[in-house]
Amino acid sequence: MTETTSTETTSTARAEQDAARAEQGTESGGRPPLAGLAEAASSAGTALGRAAAYSWMVALLLIAWEVGSRLYQSPYFPTFSESAGAFFTNWFTTDASRGFVTEQFTTDLGNSMARAGQGWLISVVVGLCAGIALGVSARAAAVFNPLIRFGMSIPATALLPLAVVVFGVTDEMNVSLIVIGTVFPILINTMDGVQGIDRTVIMTARSMRMGKVRYFFTVLLPGASPQIISGLRVSLGIGLILMVVSELFAATNGIGYYIVLASRQFRYVDMWSGVLLIAVIGLLLNVAFALVEARVLRWHRESRKRAGSA
Amino acid sequence: MSSTSVQTLDKAPSKARAAAGAPAGPLARALRSPLALGLLGVGFLVALWQVASSLGLVARESLPAPWTVTLRIKDLALSGDFRLQVLDTVYTWFLSMALTTAVAVPLGIVLGTVAALYRPTVTVVHALRSVPATVFIPASVLLFGLGLSMKLALTVFAIFGPILLNTVYGVHNTEPQLLTVARSMRWSRFQTLRRVVLPSALPSIVTGIRVASGIALIVIVSVELLGASYGIGTVIVKYQGIPRPDFVYAGIILAGVLGWLLYTTLAAIERRSLPWTRRGTDAGGRS
């Protein structure tokens, strides 16, 4: 997929043109012993060039922030350079023994990530198991369908006051809220994915007298995996939203708590440094997820491409 | 309600019957219908709730009896004040959806047709989408106050990405052969857009709007919980503070009904207006 889009955009992005030329150079210049190395280097160059060619708009947005805040002159809306400066002083140090991060970073971000991670993992396990079970059994799906539809319709944040009543201001409160919010997208996508497996494929597997375990790992899971992964991606975003909200609402530490505390103590630059930190973390998580997804679903994309060209 | 829930389940009954084997009498068949099975599931949950609350398995202040909550649902649904608060939430939801759609869809069509802008746009939207919108709540309360403009700003930020991205993808993925055909027919740019690009991009656009509707409601309710003057979230927080857990439960259930209504309405409009797409109705990201 990236191949086709890159050929379309080469005419516009000079950096990428260079990279493409470098790639062609290694193609045509025979196969010396170091071909693999050169190829790796050029592909790294391509990736860098592509990143530069694609992310100029992000830079433009940050410049707009800087210019806008200088014109607007509000204490609530500090300039990007101030916020970025606070971002580095608040969260990072030059102290190698602490791993170049401040204590604030470890306590606040560590706690937040532990909550989000626990909640998301519980949701993945529960959502996958329940989703597969309901996807296989039509009758079970019919029994639970209204409950699932309704559970999904409740905006998870509306449960926040209730969670505080039941659990108090504890980690369990945050985790349970994240679980409730993220389990439904995973469950429903898994269920749909399992139900949507081509009947011919199921019949083929049955006529081959495939064992149950083998069927599960070679037919059912791969067949449903594109949908499962899209459910996982959606739930990751929702999980982050809920992590922040639950910490804004009631927590004694964590990055959301840091932000709300800073805003109450009129430390607006610090508040924006927290916002920037979450932005960076969210970005990194999504990039990591995209990489895993590309690896796991490579067969899927290739088979679709083959089907399209045939 | 029943008609739509049956529609979403359209393949279940045949499967259930096939699993049951021999054709049964009308009564047995009715008992095996998805509606009956669904009622069974709901009934089971309510029974569990009743048992848990009457045996005192959970503290009374965290789990009132189902009947009490039912009465409170009636109280809330009949109270004029609550209806005004719900209207405020729905109004914000509708305004943010309309505003975002009006801006993001034309923008997405432009960005999707101009090849040079496609990748940078997708990158920037992905970057912004990775930022959980709720992190801006304290800042935007400071900047916009507690009123409608604050709710709108946050919600638009949260749903602009999904709608724009789906529009751009939809336009970008137009079948190239169709575009070639349009060119060989010497259709103008506008004609091509109207006859080729839009019909093929619409399903993707509508999916984006449907996904956005769920996110919008989550964000609006979070904002109302954390600091807003009106809305269904403020009611729930108020009753939590008193504390009246029965009213909290009732409010949450009504919020769920509201979410379900908004979602079902959108899904029905989608089915009605886009009859040429018969893909899995619930595929893709939902929230």
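This is a guided tour of a predicted two-chain model, stop by stop, with something to select at each one.

**Before you start**

Because this is a predicted model, local features need pLDDT of at least 70 and side-chain atom pairs count only at pLDDT 80 or more, while totals for chains, interfaces and linings use all residues. Residues are numbered from 1 along each chain as its sequence is written, and chains are lettered from A and ligands numbered from 1 in the order in which they are written.

**Stop 1: chain A as a whole**

You will find 14 helices and zero strands; helices here are DSSP runs of H or I with at least four residues, strands are runs of E with at least two, and both are numbered from the N terminus. Of its 310 residues, 37% count as buried. A residue is buried if 20 or more other C-beta atoms lie within 10 Å of its own, exposed if 12 or fewer, and partly exposed in between, with C-beta atoms placed from the backbone.

Contacts are next: two residues are in contact if their C-beta atoms, placed from the backbone, lie within 7 Å. Among contacts in chain A between residues at least 6 apart in sequence, 69% join residues at least 24 apart.

**Stop 2: the annotated spans of chain A**

Now select residues 109-293 of chain A, where an unreviewed UniProt entry places "domain: ABC transmembrane type-1". UniProt positions follow the numbering used here, feature names are shortened, and annotations may be inferred rather than shown by experiment. This span is 86% helix and 0% strand, with its end C-alpha atoms 25 Å apart.

For "transmembrane region", the unreviewed UniProt entry lists several stretches of chain A, including 119-138 and 150-169. Colour these two separately:

- Residues 119-138 of chain A are 95% helix and 0% strand, and the end C-alpha atoms lie 28 Å apart.
- Residues 150-169 of chain A are 60% helix and 0% strand, and the end C-alpha atoms lie 27 Å apart.

**Stop 3**

Most residues other than glycine have a negative phi. Which phi does Arg209(A) have? The value is positive, about 55°, although Arg209(A) is not a glycine. Look for Arg209(A) in the loop between α10 (199-207) and α11 (212-249) of chain A. Arg209(A) counts as exposed because it has 7 C-beta neighbours inside 10 Å.

Then jump to Phe266(A), in the loop between α12 (255-264) and α13 (268-296) of chain A. Phi of Phe266(A) is also positive, near 60°. Phe266(A) has 11 C-beta neighbours inside 10 Å, so it counts as exposed.

**Stop 4: across to chain B**

Show both chains. Here 62 residues of chain B are in contact with 60 residues of chain A. Helices of chain B that each supply at least two residues of the side touching chain A include α4 (34-54), α7 (115-129) and α11 (189-227). Which helix gives the largest share of that side? It is α7(B), with nine residues. Coloured by type, the residues on this side of chain B divide into 39 nonpolar, 18 polar and five charged. Ala, Val, Leu, Ile, Met, Phe, Trp, Tyr, Cys and Pro count as nonpolar, Asp, Glu, Lys and Arg as charged, and the others, Gly among them, as polar.

Stay on α7(B): its 15 residues reach 22 Å from first C-alpha to last, close to the 21 Å expected at 1.5 Å a residue. That expected span is 1.5 Å times one less than the number of residues. Among the buried residues of α7(B) are Tyr118(B), Arg119(B), Pro120(B) and Arg129(B).

**Stop 5: an enclosed helix**

Select α12(B). Seven of its ten residues are buried, so α12(B) is largely enclosed by the rest of the structure. The buried ones include Ile232(B), Val235(B) and Tyr239(B).

**Stop 6: the nonpolar core**

Finish with the largest nonpolar core, which has 126 residues. A nonpolar core is a set of buried Ala, Val, Leu, Ile, Met, Phe, Trp, Tyr and Cys residues joined through C-beta atoms within 7 Å. Leu159(A), Ala216(B), Val219(B) and Ile252(B) touch the most other members. The largest share of this core, 17 residues, comes from α11(B). Centre on Val219(B): leaving aside residues up to four places away in sequence, it touches Ala133(B), Thr134(B), Leu154(B), Thr155(B) and Ala158(B).
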